[in-house]
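Dear colleague,

I am passing on the structure below, followed by some notes on what was found in it. Please read them alongside the model.

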Amino acid sequence: MRLWIGLHLPRLPLEVFCPRWSADRCTVVLEQERVVAMSALARQAGVEAGMRRGGALMLAPQSQFQQRAPQLEADAQHAVAMALLQFTPQLAQAEEGTLLLDIGASLRLFGGIRALCRLVAASMEALGFTAWLSCAPTARGAWLLARSNAGRALTMDALVRRMDRLPGSLLPPARPYLSWLEGIGCLTLGEMRRLPRPGLQRRCGRALIDMLDDAHGERAEMHQWLEAPASFRAKLELFDRVENAEALLFGARRLLQQLTGWLSARQFAVERIRLLLEHERGKVAGPPTVIDIVLAEPTWRDEHLVRLLKERLAKQVLDAPVIGLCLEAPQVRPMAPPSDSLFPEPGGSKEDWQRLLELLTARLGPENVLQAAPRADYRPEQANAWVSVQEKIRPADARAQLPPDMPSLPRPAWLLAKPIPLLMRDHRPYYGSPLKIMSTGERIEAGWWGAMQTRDYFMAEGEDHAHYWLYRERTGHEGGQSARWYLHGLFG
C-alpha cells in the first residue's frame, strides 16, 4: 500500500523567531517592510498580511518586529526533516514549506496510520512547531491536502472528492492565470480538471497538467530523498539568556528529536552524547560548558536520553548565562538487531539494567556508581578494585587480570572490609556458635613486595547453617601462642 503524509508548516517564519509565540507575545515578522506573519495578539489588534510596518505599528504599538530570515527558516525545515527521519527514510522537501513522507512501509512498524500520525504530531510538538498534517495515496495529493489543511484521505476516491473542492490557486502553475480562470467560472481543482486538456495546456502550460496528473495518480512522481549526513551535529540559538540549567531541557529535547531521526536513518545507536552550553560571544566569550553523557548500553531512543539530560541539568551550575546549545554524537555504532529470544529475561532485560545504571550515574555522578574490576593479585583485599560503571571492562581483559593457576575453591559474595578476630572455644573458632570446618585449606602467600600475607583459608558452617569464610594466620606462633582465626567473608 502506497501512502503519503504531507506536513505543511504554515507559521514557520514566526515560530523560527518566537517559540510558544501564540500564548503571550505580540509579534510581527516583516519582509521588505511588509507583514508576512503575525501572532494571535497582533491579528486581534488588526494587523494583516501585506500591511506595511507603519500601519502595523499604529495598530499594535506594543508589537515586537522581526525581519524574516530565509536561512533560519531553511535550518528550521531541515531540523524538522531530520527529526521525521525516525518514521521513514523516504522523506522529500516539497514547495512552500511542505514535507512529504512515504510511509507505506512504516505502517505496520508503528501500529497503523492513526498511531503514526499521532507520533508525527507529538514529534512536531516536541520541536516547538505547528504543522498541518494530511495523508493521501499520492504525494502531490498529500501536498494539496496539507497546504489547505484538508485532513486525511486514505483511498483514491476519497482523495478525488476532497481535491475537487479545493481552490485552484493552490497549484503554483495556475496562479499567473487565476484572473482568466475566474473569468470562465473555473474556481476549484475539480472544475479545472474538467476543462479540455489541449486548450488548458495551450493557455496555461504543461506544468499545470502534469501537477494535476500527479495529484490523481496518473503520472509517475520523482522525488529527491533527504540524505542524513555522515556525522551528527545540531545547534540551537536560544531567544534569551538562560541562567537556570533546568530551563534548557526544552531546547535539548528539540536537539534530541533530530538525533533520533539521524540515528534511525543511519541505522546507528549512540554510545556517548555531548551537549555544549554556549555562553557570550565576542570579547567576553568564554569556553562552552560541556555535559558529557556516556551510555552503558547503546540506544537510539530519545526518551531515555531526555531522562539522562534532565538529571544532569538538574545538578548543573551555570557559570554564565547560556545563549545557545549544540548537541554532538561523537561515539556511535551500528544498531544491534532485536533479541531473538522467545521468553523475556527474568527480572528485566539487560537493556533495562543498563538504563538503570545510566540514570543513577546521571543523578549521582560517575564517581559514585561503581563496578568491580579484578586485579592480578592473590590477596583477597587487593584482588578487586572499584571503578566507575562508565569504564568499559571487556571479559577478556577481566580474565587476563586473574592470577595464573587460580584455584577453583569458592569465594564469598560478601567480603568484610576488615577481618574480625574470632574467639576459640573447645579448640574451635566461635562466631555466635561453634564453627565447623567444611573444606580443605587454601594457602595464600603473597605481597612480599609490600604487605606480606601468609594465610590458610577455610569454609566453615555455624549451627544456624550459615557459611563463613575464615582464615588462620601462619605467622602467629610467637611466644608459644596458637595461630589466631579471623572471619573474612560470608557466603550467600
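**The sheet and its helices**

An open sheet is formed by four strands in the order β8-β11-β9-β10, with antiparallel pairing (strands pair if DSSP finds at least two bridges between them; strands, E, of at least two residues and helices, H or I, of at least four are DSSP runs numbered from the N terminus). Its edge strands, each pairing on one side only, are β8 (233-242) and β10 (289-299). This is a predicted model, in which local features need pLDDT of at least 70 and side-chain atom pairs count only at pLDDT 80 or more, while totals for chains, interfaces and linings use all residues. Residues are numbered from 1 along each chain as its sequence is written, and side-chain values use heavy atoms, leaving out hydrogens and water.

Strand β8 pairs with β11 (residues 322-334) in the antiparallel sense over six bridges, and Lys-235 has Cys-326 in β11 as its bridge partner. Helix α14 (residues 249-266) packs on the sheet and touches β8, β9 (268-278), β10 and β11, where contact means heavy atoms within 4.5 Å. Helix α15 (residues 302-314) also packs on the sheet, touching β9 and β10.

**A residue in helix α16**

Leu-364 lies in helix α16 (residues 350-364). With a relative accessible area of 43%, Leu-364 is partly exposed, that is, between buried (under 20%) and exposed (over 50%), using a 1.4 Å probe and protein chains only.

Terms used:
Axes fitted to C-alpha atoms, helices over the stretch in contact; angles between N-to-C directions.
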